[in-house]
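Visitor: Could you walk me through the side-chain contacts in this protein?
Guide: Gladly, here it is.

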Amino acid sequence: PISLQNETLNPPPIPTSIDALNICLNGGIPRGSNILLLGPTGSSKSFFARQFITEGLKKGERSLFVALDDNPKKIRTEMDTLLGAPIQTMVNANLLRLVDAYSWTTFAPSEEKFAVSGMLDLNQLSGVISDAGYELGQSVQHKAGGRRVIDSISSLLIHFDLSSVQRFLSQVARTAISFGDVTTFFIMEQGTVDDQVLNNIKYIMDGVLEFDRKDNQRHVRVAFMKWSKYSS
């Protein structure tokens, strides 16, 4: 008989940079899960997600970042600081790919290898994400696993009808397991959509982390996790 390690059957969760949050998550983010980061502007959702990516890179995990709301140059600069080294070294080592879905808003040519050309189109965006992920090994063929961030899906909800966005999100979410347990953060600004639409989006997700900023302090709580124990 073949002996299987427990880590293979139940891979350990991914610890976050916040110890108290790890306790609430029963150790961390479940691998291969799709997590919605929800909160108002300035509540550190994007910073948390970039930290998530850079911490994965330090451990040699393949990582994909889809930039929708921020200039990739700004993202690179912030991630350089978090990593403590030029992020380009991770690109050269085939550990990181950035998808530029931002530059179309400025009508400026993108310096990124993977970018949306012309007007933003969900089919083209899906294709670019797929191509970038394939180079990393985040594919059905290679199952390299790793991490992904889409920042932020609010832009998609503003520019496209709900059914198209839901279809896009579902397509991305469904690849998590088949790509080797890719863990994905979907960032969303609070108040972008009404409660009914938000519930439809939450239904696609495996968990929701809610961020807030009150009295000059940042807060985060676990709203729910579908497949693992948690404390809110």
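Visitor: How many aromatic pairs does the count come to?
Guide: Happy to say, with a caution: this is a predicted model, where local features need pLDDT of at least 70, side-chain atom pairs count only at pLDDT 80 or more, and totals for chains, interfaces and linings use all residues. Residues are numbered from 1 along each chain as its sequence is written, and side-chain values use heavy atoms, with hydrogens and water left out. Rings of Phe, Tyr and Trp (its six-membered ring) pair if their centres lie within 6.5 Å; planes under 30 degrees apart are stacked, over 60 edge-to-face and the rest tilted. By this rule the count is 3.

Visitor: Which class do the rings of F48 and F185 fall into?
Guide: Their centres are 5.8 Å apart and their planes meet at 15°, so this pair is stacked.  Both residues are buried (under 20% relative accessible area; exposed is over 50%, partly exposed in between; 1.4 Å probe, protein chains only). The class, again, is stacked.

Visitor: Which residue lies over the face of F52?
Guide: A charge sits over a ring if NZ of Lys or CZ of Arg is within 6 Å of the ring centre and within 35 degrees of the ring normal. Here the distance from the ring centre is 4.7 Å, and the residue is R147.

Visitor: Which side chain meets R147 in a salt bridge?
Guide: A salt bridge puts a side-chain nitrogen of Lys or Arg within 4 Å of a carboxyl oxygen of Asp or Glu. R147 counts as buried at 1% relative accessibility. Its partner, at 3.1 Å (N to O), is E61.
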